[in-house]
Amino acid sequence: MEDAIKRHFFHHGRASVADERDDCHWCQLRSFPTHQAAPVTVVNEVDSEVIPPGFRFINENVLGDGVEPAELSFRSGCTCANNADCQYTGCLCLADLEDDHDDDDDDDVGNVNGFDDDVQPRKAYAYHTHGVKAGLLRSKLHNSKLPLYECHQGCSCTHDCPNRVVERGRTVPIQIFRTEDRGWGVRTQEAIKRGQFVDRYFGEVITAAEADRRRAASAISQHKDVYLFGLDKFTDPASLDPRLRGPPLEVDGEFMSGPSRFINHSCDPNLRIFARVGDHADKHLHDLALFAIKDIQKGEELTFDYVDGVSLGPDERDGNVEDMTRCLCGSSKCRKFLW
């Protein structure tokens with residue numbers, strides 16, 4: 001246990017240590033709304049390293065200077081009469097969904113709201129809704145780069161809507177642990193099914209200019225890139241929304257983030273990041289949601305590909321390898337370098 005919070009831990013709840021609560025990693029994790037059902041623990045059985053004292057665990061993104069959410073007048077949500085309607089093209093939350101009309105792995109839900117069989121609304125929903133696969137990402141999306149559109153707090157549907165998987169938060173208990181050769185890592189405390197939502201990547205959302213400034217200020221810019229993720233899924237210079245014309249915002253998880261900040265890279269990962277949209281007015285602030293792309297056993301380390309399969313080209317590898325970030329994943333598919 002960290003010496004800095006040991007006294008606070010053993011005297012937790014007493015007024016004399018109340019002022020230390022905000023800086024206590026244990027208290028931060030314990031305050032998560034998912035703590036009772038899916039707690040996060042931290043262990044180190046390798047060395048004496050601790051979670052950096054200046055790091056803060058958060059359960060939602062923090063907006064940095066110059067970053068603003070959409071105004072209330074631009075916000076909207078679906079008006080579906082019941083939760084079952086939130087999986088068809090008539091749901092406003094799915095209005096921007098690109099669908100390939102391939103329903104091979106859809107659930108058989110039968111007639112919807114009295115429509116005749118030949119005029120049924122088309123299913124455009126990302127998750128299974130019935131049986132043992134309920135809540136899992138449909139298999140055709142596992143290797144897709146399409147964003148996920150979900151219902152949200154501004155919708156008429158309820159919190160139990162099957163199209164609110166990411167919004168409901170992490171349901172998997174996980175453990176941050178010290179690895180032998182790659183610093184901190186994260187492992188699951190229960191089995192995870194292929195297609196199951198695991199967690200979001202949180203951090204401070206900053207402007208592109210601020211991200212560049214932080215890279216320049218970092219002693220090793222490649223080290224900083226490990227924690228920076230661009231919110232560029234909807235970046236389009238021709239967009240009517242000025243916030244989407246670029247350059248995109250970035251999420252910096254180095255000094256404040258959730259447990260997923262400690263997930264290591266692998267060239268053969270068991271998780272993948274998807275862009276998830278709630279309110280369409282906030283596409284520039286879309287979530288980074290981690291889903292399992294393989295069945296994962298209890299105790300297995302969680303990993304994702306930091307560059308989502310993008311390999312360095314021959315010209316990029318011709319430079320000084322000392323300036324490149326080596327990959328330590330150790331998998332048979334290792335690409336040797338990240339960037």
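Biologist: Why is the contact between Asp-252 and Arg-214 called a salt bridge?

Modeller: In this predicted model, the closest N and O atoms of Asp-252 and Arg-214 are 2.8 Å apart. The cut-off is 4 Å between a side-chain nitrogen of Lys or Arg and a carboxyl oxygen of Asp or Glu, so the pair qualifies.

Biologist: How do you know whether Asp-252 and Arg-214 are buried or exposed?

Modeller: Buried means under 20% relative accessible area. Asp-252 has 2% and Arg-214 has 17%, so both count as buried.

Biologist: Which residues join Arg-214 and Asp-252 in one network?

Modeller: Glu-204, Glu-210 and Arg-213 do, through salt bridges that share partners.

Biologist: What makes Arg-178 and Asp-47 a salt bridge?

Modeller: Their side chains meet at 3.2 Å, N to O, and the limit is 4 Å, so the term applies. Arg-178 is in strand β5 (residues 174–178), while Asp-47 is in the loop between β1 (40–43) and β2 (56–57), 131 residues apart.

Biologist: Why are Arg-178 and Asp-47 put in separate accessibility classes?

Modeller: Arg-178 has a relative accessible area of 16%, under the 20% limit, so Arg-178 is buried. Asp-47 has 36%, which lies between 20% and 50%, so Asp-47 is partly exposed.

Biologist: How do you know that Glu-150 and Arg-276 form a salt bridge?

Modeller: Their closest N and O atoms are 3.1 Å apart, which is within 4 Å and therefore meets the criterion. Glu-150 lies in the loop between β4 (148–149) and β5, and Arg-276 in strand β13 (residues 271–277), so the pair ties together parts 126 residues apart in sequence. Both residues are buried.

Biologist: Why is the aromatic pair of Phe-229 and Phe-304 called tilted?

Modeller: The centres are 5.9 Å apart, within the 6.5 Å limit, so the rings pair. Phe-229 is in strand β9 (residues 228–230) and Phe-304 in strand β15 (residues 301–304), so parts 75 residues apart in sequence are tied together. Both Phe-229 and Phe-304 are buried.

Notes:
Residues are numbered from 1 along each chain as its sequence is written. This is a predicted model: local features need pLDDT of at least 70, side-chain atom pairs count only at pLDDT 80 or more; totals for chains, interfaces and linings use all residues. Side-chain values use heavy atoms; hydrogens and water are left out. Rings of Phe, Tyr and Trp (its six-membered ring) pair if their centres lie within 6.5 Å; planes under 30 degrees apart count as stacked, over 60 as edge-to-face and the rest as tilted. Helices (H or I, at least four residues) and strands (E, at least two) are DSSP runs, numbered from the N terminus. Buried means under 20% relative accessible area, exposed over 50%, partly exposed in between (1.4 Å probe, protein chains only).
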